[in-house]
Amino acid sequence: MTPRRSPPEPPLEAGASGEPETGALTPRSWAAFVARTILGLIFFMAGFWKVFELGPLQHARGMFVESYADTLLPDWSLWATGVAVPFVELVAGALMLAGWRRRIAALALGGVLILVTFGHLLAEPLYVFSAHVIPRTLLLVLVLILFEDDRLSLDDWLARRIVPR
């Protein structure tokens, strides 16, 4: 006896024709939401800890100024980036979580990842990126690939409210 197969499920919020409506929650929409939320949480929590627990000045001193004092980078640039990075992570992470101003947030987080990559390679040319930079970069790339599919973002909701149907 052959098991009965059930028909495939239609996409959520399918129209009368069976085709997904604009704003339909498809598997790509959920994938975009999950990737964006995880990316946002990673950076928001890191920024929150660096701003409110460690402190931006201590972050700059310990992770930038002291760590890269013997490099070609001037002290002022180490202090400036070391103090700024926690705030960029906090704000851009929060924007990603909300799904608001995602392009700006993605650009900011991409900049942080490039900065971190440069710093690690400057200190250790054969630095292993598999535990820190690569997962975050892959999440960011996935968020960018699925950008237009993110129906659960505040950006998408605002765009649908503004555009007349």
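**Close-up views of helix α1**

**View 1. Packing of helix α1 against helix α5.** In this predicted model, residues R28, A35, R36, I38, L39, I42 and F43 of α1 are in contact with R136, L139, L140, L142, V143 and I145 of α5, where contact means heavy atoms within 4.5 Å. By class, this contact has 10 nonpolar, no polar and three charged residues. The crossing of α1 and α5 is left-handed, that is, the near helix is turned anticlockwise from the far one by less than a right angle.

**View 2. The aromatic pair of W30 and F33.** The rings of W30 and F33 lie 6.1 Å apart, centre to centre, with 90° between the planes, and form an edge-to-face pair (centres within 6.5 Å; planes under 30 degrees apart are stacked, over 60 edge-to-face, the rest tilted). W30 and F33 are three residues apart in helix α1 and therefore separated by about one helical turn. W30, at a relative accessible area of 36%, is partly exposed, and F33 is partly exposed at 29% (buried is under 20%, exposed over 50%, partly exposed in between, with a 1.4 Å probe and protein chains only).

**View 3. The aromatic cluster of F44, F48 and F52.** Ring pairs link F44, F48 and F52 into a cluster. F48, at 34% relative accessibility, is partly exposed, whereas F52, at 52%, is exposed.

Residues are numbered from 1 along each chain as its sequence is written, and side-chain values use heavy atoms, without hydrogens and water. Local features need pLDDT of at least 70 and side-chain atom pairs count only at pLDDT 80 or more, while totals for chains, interfaces and linings use all residues.

How values were computed
Helices (H or I, at least four residues) and strands (E, at least two) are DSSP runs, numbered from the N terminus. Ala, Val, Leu, Ile, Met, Phe, Trp, Tyr, Cys and Pro count as nonpolar, Asp, Glu, Lys and Arg as charged, and the others, Gly among them, as polar. Rings of Phe, Tyr and Trp (its six-membered ring) pair if their centres lie within 6.5 Å; planes under 30 degrees apart count as stacked, over 60 as edge-to-face and the rest as tilted.
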